[in-house]
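Please look over the structure shown below before reading on.

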Amino acid sequence: MSNRTHTFTVVGVGIILIALLIAGMAWSLFLGTVHIPAHTLWQVVASKFVDTITIEDPRQGALNDIVWMLRMPRVILAALVGAGLAVSGVIMQAIVKNPLADPYILGISSGASTGATVAILMGVGIAFGEEYVGIMAFIGAMVISFGVLIIANMGGRANAIKLLLAGMALSAVCSAFTSIIVYFAKDKEGIQNVAFWMMGSLAGANWDLIGIMLFVILLPIVFFWFQTRILNLMLLGDEVAITLGVDLHRYRQLYLVMSSIMIGFAVYAAGIIGFVGLLIPHIVRQALGTNHKGLIPISALGGALLLVVADTLSRTIIPHTELPIGILISVIGAPAFVYLMIKQTYAFGGN
């Protein structure tokens, strides 16, 4: 596939995904426990952009609160978290040169889980306020990220293998520490809260959180999109990069930190949601190739679409009950990924 053909393909797929994302977000706004007719929904949405709407207008009452204070922030947060997790998966796979890697392979999810568990069962970080569980989860993710960098740089410069091994080692330590805390805890309600938080939820969405997530998700995605040449070189290895005059060591560390920030805030906002960073980049790579120029934006759109649809289903698939989105993503993602792996295996076997 020539560069021009690849560019046209990426643009075409991007336009389709944008259209599907807009449709998915509209669908998500429409569905919910409270039924809002479609024409009323669009009137409520449009009322925010019309100055002539009075405070007594019905569109400024309960309907306004349901659409603008509950559903809209949740839909936007789902799109941002999905995009951030998918792009983080792309970056992690480039860093460790493993297409089966995801944002959690370097122990970041285990660090976040440990942070949340310590906060819920031991009360650590309660001084941070009502959102102390999410903040402690973010701190845990960042501590593990920097720990991976420190360990991987011991005895020489970090490389893909050392980063992977350091991440696996710290992940095991965090999992063991979390299990010990849960085992000795006598707070049954706290244990249930830990389990539910680890399953993921977007119920805490609000406009203040959206403002933070727009900054910490979109800016890194744009940054990584301008780093596609270096990311493509990472797939070729350090030896090839050095012959071209590029030292991947500092880029690898910078990318890991920036990806960890995205993942940490995603965990802070939505709990533990796996599989997005593994499944979406894999599908996009199979369809469009390994060039990060197209892989990053298409993965971002694909991740956003997946999480918007999954969150909508989690709210509506069981009446009057919200299914944890992490469970739903795993139910959808695991069989799909197994199918893709089997298909790829047979494709190679047939050549």
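Isoleucine 261 lies in helix H11, which covers residues 248-270. The model is a predicted one, and the points below are grouped by topic.

**Surroundings of isoleucine 261**

- With a relative accessibility of 29%, isoleucine 261 counts as partly exposed, because buried residues must fall under 20% and exposed ones over 50%.
- Once its neighbours within four places in sequence are left aside, isoleucine 261 is in contact with Phe138 and Met142.
- Valine 67 is 194 residues from isoleucine 261 along the chain, and the C-alpha atoms of the two are separated by 30 Å.

**Helix H12 by itself**

- Helix H12 is made of 13 residues, 276-288, and at 1.5 Å a residue it should span 18 Å, which agrees with the 18 Å between its end C-alpha atoms.
- Because 10 of its 13 residues are buried, H12 is largely enclosed by the rest of the structure; among these buried residues are Gly277, Leu278, Leu279 and His282.
- Just after H12, glycine 289 takes a positive phi of about 95°.

**Packing of H12 against H13**

- The axes of H12 and helix H13, residues 292-316, come within 9 Å and cross at roughly 130°, which makes H12 oblique to H13.
- The crossing of the helices H12 and H13 is right-handed.
- On the H12 side, the contact is made by Val276, Ile280, Pro281, Val284, Arg285 and Leu288, while H13 contributes Leu295, Ile298, Ser299, Gly302, Gly303, Leu306 and Leu307.
- Sorted by class, this contact of H12 with H13 has nine nonpolar, three polar and one charged residues.

Notes:
Residues numbered from 1 in each chain as written. Predicted model: local features only at pLDDT ≥ 70, side-chain atom pairs only at ≥ 80, totals over all residues. Heavy atoms only, no water. Helix = DSSP H or I, 4+ residues; strand = E, 2+ residues; numbered from the N terminus. Expected span 1.5 Å × (residues − 1). Buried < 20%, exposed > 50% of the residue type's maximum accessible area, 1.4 Å probe, protein only. Axes fitted to C-alpha atoms, helices over the stretch in contact; angles between N-to-C directions. Parallel < 35°, antiparallel > 145°, perpendicular 65-115°, else oblique. Left-handed = near helix turned anticlockwise from the far one by under 90°. Contact = heavy atoms within 4.5 Å. Nonpolar A, V, L, I, M, F, W, Y, C, P; charged D, E, K, R; others polar.
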